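Morning, everyone. Please look at the structure on the screen while I talk about how its inside is packed.

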Amino acid sequence: MGSSGPSRLQRRNVEVFDSEGAVIAGFWQYGTLQWDEFYRYIIALTVTEAAWSIFRYDLAQQKPGTPCPSGAQLVQPGHYVLLSTTGEPIRVGLVATRPRPRPPSIPAYFNPPSHDSRYCIRGRIRDGKCLITGLQTQTYSRLKVAHIFPQVHDTEWVRRGYPSKITDTTDEAHIGGRTKIDSVQNLITLRSDLHDAWDNYEFGVNPKNGYRITAFTNGNADINGLRLQLNHIKDPTLHPLDELLTDHFMQGLLMHMKGAGEPAWTYEDYDDAVGDGSDLSNSRVWGTSEGRELFELTLADRLFGHQIS
């Protein structure tokens, strides 16, 4: 009997190559993403030297097929190639921007008593349910309050001018001090497992498309295409900021759709890094600059609640 364990889900069923065979984009198609929307994502993720179009691609024969113009048609699972509008090879580059590193949610056994702070209480009072599935629980045992923009990047939050965009009138002491990063305008309440996927940018909310949920990875069919439930929030000073949701959505594109996709920490990696039995042999944590950066952010995230304002 083998010991390899169960296989993981296929990561993508749509991939786009350049004329030299490099992967420039891809995602898991649930049957909702249209070509016009996918074209907008490609524009945001690539740099090209000429007008371009996407063509079907025979991976075995390495030959392009029919063009797939921007429009309301659904993207079909398969392989594609980006060429000039006349079908000629062109140079394609990826934008240099990387997704903002974000530590996974702190497991319950790591939480200091102060971690479940005022912002969690305010988020629960405002929402009372998972804003995606509508799940309600008597004790909130299956719900978590998630930051849209992560606390650990509070310096970037200030640099982008977000404190001035928060209109929440609650005392600053209850919303993260002068940064206001703990305002309910930077919070959404989610089912616990969705909080973890949110941290990993596995899905996003598009305010420009009726707050529709777009899942970027396989395994999220139960939420893809749903809408963020915000109708109960009548006070605009308590409403999540569209700009923050848009920023989170972009991180998902950069993390999971751009190129071949970025590596993500598993919870085994997290435990190896900061758990009781830290494993210094884990190359995903200690063998790359990205892993070391995320480790530092994870420690900063755990210490965030102990900062002196």
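I'll take the nonpolar cores, then the cavities.

Keep in mind that this is a predicted model.

Start with the cores. In soluble globular proteins, nonpolar side chains tend to be buried together. Here, the largest nonpolar core has 29 residues. Which ones have the most contacts inside it? They are I132, I188, L190, W198, F203 and L228. Six elements each supply at least two residues of this core: the strands β8 (143-147), β9 (187-191), β10 (203-206) and β11 (212-215), plus the helices α4 (192-199) and α5 (242-257). The largest share, 3 residues, comes from α4.

Zoom in on L190. Leaving out residues up to four places away in sequence, L190 touches C130, I132, R142, L143, K144, A146, H195, W198 and F203.

There is also a second, separate core, with 26 residues. It includes F38, W52, L82 and F216.

How many cavities reach 30 Å³ or more? The count is 2.

The largest cavity holds about 80 Å³. Its lining has 13 residues, and F27, W28, L33, T214 and A215 lie nearest the centre. β11 gives the most to that lining, 3 residues. By class, the lining splits into 8 nonpolar, 4 polar and 1 charged.

The second largest cavity has a volume of about 30 Å³. What lines it? R11, R12, F27, F216, T217 and H256. That lining has 2 nonpolar, 2 polar and 2 charged residues.

Note two residues from that list. F27 is also among those nearest the centre of the largest cavity, and F216 also belongs to the second core.

That's the tour. Thanks.

Methods:
Residues numbered from 1 in each chain as written. Predicted model: local features only at pLDDT ≥ 70, side-chain atom pairs only at ≥ 80, totals over all residues. Heavy atoms only, no water. Core = buried A, V, L, I, M, F, W, Y, C linked by side-chain atoms within 4.5 Å. Buried < 20%, exposed > 50% of the residue type's maximum accessible area, 1.4 Å probe, protein only. Helix = DSSP H or I, 4+ residues; strand = E, 2+ residues; numbered from the N terminus. Contact = heavy atoms within 4.5 Å. 1 Å grid on protein atoms, 1.4 Å probe; cavity = no way out; pocket = protein on both sides within 12 Å on 5 of 7 lines; lining within 4 Å. Points joined across faces, edges and corners; volume = space filled by probe spheres on them. Nonpolar A, V, L, I, M, F, W, Y, C, P; charged D, E, K, R; others polar.
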